[in-house]
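Trainee: Could you walk me through this one before I set anything up?
Mentor: Gladly, let us look at it together and take your questions as they come.

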Amino acid sequence: GTSKAASLHWTGERAVSVLLLGLLPAAYLCPGPAVDYSLAAALTLHGHWGLGQVITDYVHGDVPIKVANTGLYILSALTFAGLCHFNYHDVGICKAVAMLWSL
Amino acid sequence: MGTTAREEMRRFWERNLRSGRPLSPHVSIYKCAPCPSQVCPCFPGVSLFSLAALLLPEHFPHYLAQVRALSLGPALIGSAKFLLALPVSYHTWNGIRHLV
């Protein structure tokens, strides 16, 4: 049979986008660790999949694609780690944006 | 047996590259700032912030206090906020448009 992987990926991308959209008012109305960590996860996944599509569109050739995707995984892993670190050791994403905007 | 998907992909790319067509989706179709389905400056911005969070020794309020101490003036601060908010908003609106 055929694999549903691609269409599931597409649905997943839309789902995460909608989730991220919903997190924005949540971050404004009830900031806190739950929203902070959800934002960290949703932002990283959304960006990872998004850049993955950019690679698929613009990068050609087996080796360049592999190299680009590996680099992307590393970047996304670091981004997620950094955001979680920020949430844990520092003020957290919601508070940081609020503080930045009150400048 | 028929050709595999990989074989067909390879043939497609060989023929395409040989015909010397321009890059597609072509980047010039994106007018002022890129639309969400393609290149976006947001994720590199988030990644840079995240890497800074990992690497810089002090905490966020410390750096914020430093920026405040610079006394940049409302015009500069306002335009900096605008420059930060602009790609995020553009990307978000385009994303909504894309989702609907």
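**Helices, a salt bridge and a patch**

Mentor: This is a predicted model, and we can begin with A:R14, which, leaving aside its neighbours within four places in sequence, is in contact with B:H98 and B:L99.

Trainee: Ok, and where is A:R14 found?
Mentor: A:R14 is found in helix 1 of chain A, which covers residues 5–29.

Trainee: What does its side chain make a polar contact with?
Mentor: The side chain of A:R14 makes a polar contact with the side chain of A:E13 at 3.3 Å, and the two side chains also meet in a salt bridge, with 3.3 Å from N to O.

Trainee: How many salt bridges does the structure hold over all chains?
Mentor: Over all chains the structure holds one salt bridge, and that is the one between A:E13 and A:R14.

Trainee: And are A:E13 and A:R14 buried or exposed?
Mentor: Both A:E13 and A:R14 are buried.

Trainee: Switching topic, what about B:T92, and why does it count as partly exposed?
Mentor: B:T92 counts as partly exposed because its relative accessibility is 22%, whereas buried would mean under 20%. The residue has its place in helix 4 of chain B, residues 74–99, and, not counting residues up to four places away in sequence, B:T92 touches A:L21 and A:L24.

Trainee: Now helix 3 of chain A, how far does it reach?
Mentor: Helix 3 of chain A, residues 62–89, has 28 residues and reaches 40 Å from its first C-alpha to its last, which is close to the 40 Å expected at 1.5 Å a residue.

Trainee: Which of its residues are buried, and what covers them?
Mentor: The buried residues of helix 3 of chain A are A:L72, A:S76, A:T79, A:G82, A:L83, A:C84, A:F86 and A:N87. Their cover includes helix 2 (33–58) and helix 4 (93–101) of chain A, together with helix 2 (42–55) and helix 3 (60–69) of chain B.

Trainee: And helix 4 of chain A, what do its buried residues pack against?
Mentor: In helix 4 of chain A, the residues A:I93, A:C94, A:A96 and A:M99 are buried, and the buried residues of this helix pack against helix 1, helix 2 and helix 3 of chain A together with helix 3 of chain B.

Trainee: Last one, which residues form the nonpolar patch on the surface?
Mentor: A:I74, A:L78, B:L54 and B:L55 form that patch, with about 370 Å² of accessible area together. Helix 3 of chain A and helix 2 of chain B each supply at least two residues of the patch, and A:I74 has its place in helix 3 of chain A.

Terms used
Residues numbered from 1 in each chain as written. Chains lettered and ligands numbered in written order. Predicted model: local features only at pLDDT ≥ 70, side-chain atom pairs only at ≥ 80, totals over all residues. Heavy atoms only, no water. Helix = DSSP H or I, 4+ residues; strand = E, 2+ residues; numbered from the N terminus. Expected span 1.5 Å × (residues − 1). Buried < 20%, exposed > 50% of the residue type's maximum accessible area, 1.4 Å probe, protein only. Contact = heavy atoms within 4.5 Å. Patch = residues over 30% accessible without salt bridge, like charges linked within 9 Å, V, L, I, M, F, W, Y side chains within 5 Å. Areas by Shrake-Rupley, 256 points an atom, 1.4 Å probe, with all protein chains shown as cover. Salt bridge = Lys/Arg side-chain N within 4 Å of Asp/Glu carboxyl O. Polar contact = N/O pair within 3.5 Å; in protein donor to acceptor, adjacent residues only side chain to side chain.
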